[in-house]
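This briefing is meant for a reader who is meeting the structure for the first time.

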Amino acid sequence: YNPCEDPSNLEAPLEEVQKEPKHDAEPAPEPRLQKQEWTSEASQWRRLLRNAQSLLAACLYMVSTWIRNEPNHTILGQFLLSLLLVPPVTLAYHLLSQNRAGGYYDGYVEMFVQLPQHVRDIMKRGSPQYKAEIEHEHEDGIVRTVNGLETGVLFVLVSWLSALLMPVSPGNARSDFSGCCVETFVFFCLHRICGGNIFSGQCYGLLQPEGMWHFHRVPSPLESEDW
């Protein structure tokens with residue numbers, strides 16, 4: 001039989017296996033949200049939302065004219081009555097329009113309570129960070145609409161101007177009805193212009209509505225990039 005050779009006499013030297021030092025696994029990068037482009041269908045839903053809310057506000061304004069434009073009310077009485085109608089009008093608009101939260105508030109009460117802090121934040125809107133947030137807001141599916149407080153401001157503005165420029169004439173129901181229609185149409189136009197966010201956050205957020213809706217992207221079996 002063949003005797004076993006002594007391992008120490010083997011000519012082939014044993015090679016040490018060098019183990020590579022283990023490096024700590026690098027954390028996976030955070031997933032970045034894909035920029036989403038507005039399709040024509042999504043833009044139509046956005047216009048429909050803003051038009052519906054402006055029509056709702058105009059209907060509330062038209063109802064208020066039946067109370068404000070009584071022949072027995074003086075101009076001062078119409079001013080005071082308009083102020084008294086602001087809380088129910090803003091609350092009704094807030095509930096019916098489904099504007100639950102906005103840029104600086106999470107409910108109807110906070111819309112008024114957090115207003116002083118919001119006014120202070122407006123002075124910081126010239127910062128680069130604010131401009132970057134506004135640029136990405138549209139890509140994230142955020143739609144701005146007029147909230148209850150802004151509707152109340154427009155309500156007082158239009159009602160006071162109408163009381164000064166178009167006073168109620170007793171005994172002329174046709175003229176009073178025409179005046180109500182005119183001021184309601186003016187109110188609707190102003191409400192719709194403010195809701196359109198025409199400056200897109202520029203000029204320190206001039207005419208920028210604070211109500212916010214978030215449009216989510218829903219995959220479609222036909223077009224994968226639909227909202």
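In this predicted model, a search of the whole structure finds one cavity of 30 Å³ or more.

**The cavity**

- The largest cavity has a volume of about 40 Å³, and the residues that line it are R50, Q53, S54, Y93, T145, V146, H191, R192 and G195.
- At least two residues of this lining are supplied by each of two helices, α1 (40–68) and α7 (173–195).
- When the lining of the largest cavity is sorted by class, it has five polar residues, two nonpolar and two charged.

**The packing of α1 and α2**

- The axes of α1 and helix α2 (residues 75–97) come within 10 Å and cross at roughly 150°; an angle over 145 degrees counts as roughly antiparallel, and α1 and α2 are therefore roughly antiparallel to each other.
- The crossing of these two helices, α1 and α2, is right-handed.
- On the α1 side the contact involves Q53, L56, A57, L60, S64, I67 and R68, which meet Q78, L81, S82, L85, V89, A92, Y93, L96 and S97 in α2.
- The residues of the contact of α1 with α2 divide into 10 nonpolar, five polar and one charged.
- Q53 and Y93, which belong to this contact, are also among the residues that line the largest cavity.

**The packing of α2 and α6**

- The axes of α2 and helix α6 (residues 148–165) come within 9 Å and cross at roughly 155°, which makes α2 roughly antiparallel to α6.
- Where α2 passes α6, the crossing is right-handed.
- From α2 the contact draws on I75, Q78, F79, S82, L83, L85, V86, V89, T90 and Y93, while α6 contributes G148, T151, G152, F155, V156, S159, W160, A163 and L164.
- In the contact of α2 with α6, 12 residues are nonpolar, seven are polar and no residue is charged.

**The second largest pocket**

- The second largest pocket has a volume of about 270 Å³, and of the 16 residues that line this pocket, G103, R125, Y130, E133 and R144 are the closest to its centre.
- The elements that give two or more residues to the lining of this pocket are α4 (115–122) and α5 (128–139), and the largest share, four residues, comes from α5.
- Seven charged, five nonpolar and four polar residues make up the lining of the second largest pocket.

Conventions
Residues are numbered from 1 along each chain as its sequence is written. This is a predicted model: local features need pLDDT of at least 70, side-chain atom pairs count only at pLDDT 80 or more; totals for chains, interfaces and linings use all residues. Side-chain values use heavy atoms; hydrogens and water are left out. On a 1 Å grid over the protein atoms alone, a cavity is a set of points where a 1.4 Å probe fits but cannot get out, and a pocket is an open set with protein on both sides within 12 Å along at least five of seven lines; lining residues have an atom within 4 Å of a point. Grid points are joined across faces, edges and corners, and a volume is the space filled by probe spheres set on the points. Ala, Val, Leu, Ile, Met, Phe, Trp, Tyr, Cys and Pro count as nonpolar, Asp, Glu, Lys and Arg as charged, and the others, Gly among them, as polar. Axes are lines fitted to C-alpha atoms, for helices over the stretch in contact, and angles run from 0 to 180 degrees between N-to-C directions. Angles under 35 degrees count as roughly parallel, over 145 as roughly antiparallel, 65 to 115 as roughly perpendicular and the rest as oblique. A crossing is left-handed if the near helix is turned anticlockwise from the far one by less than a right angle, and right-handed if clockwise. Contact means heavy atoms within 4.5 Å.
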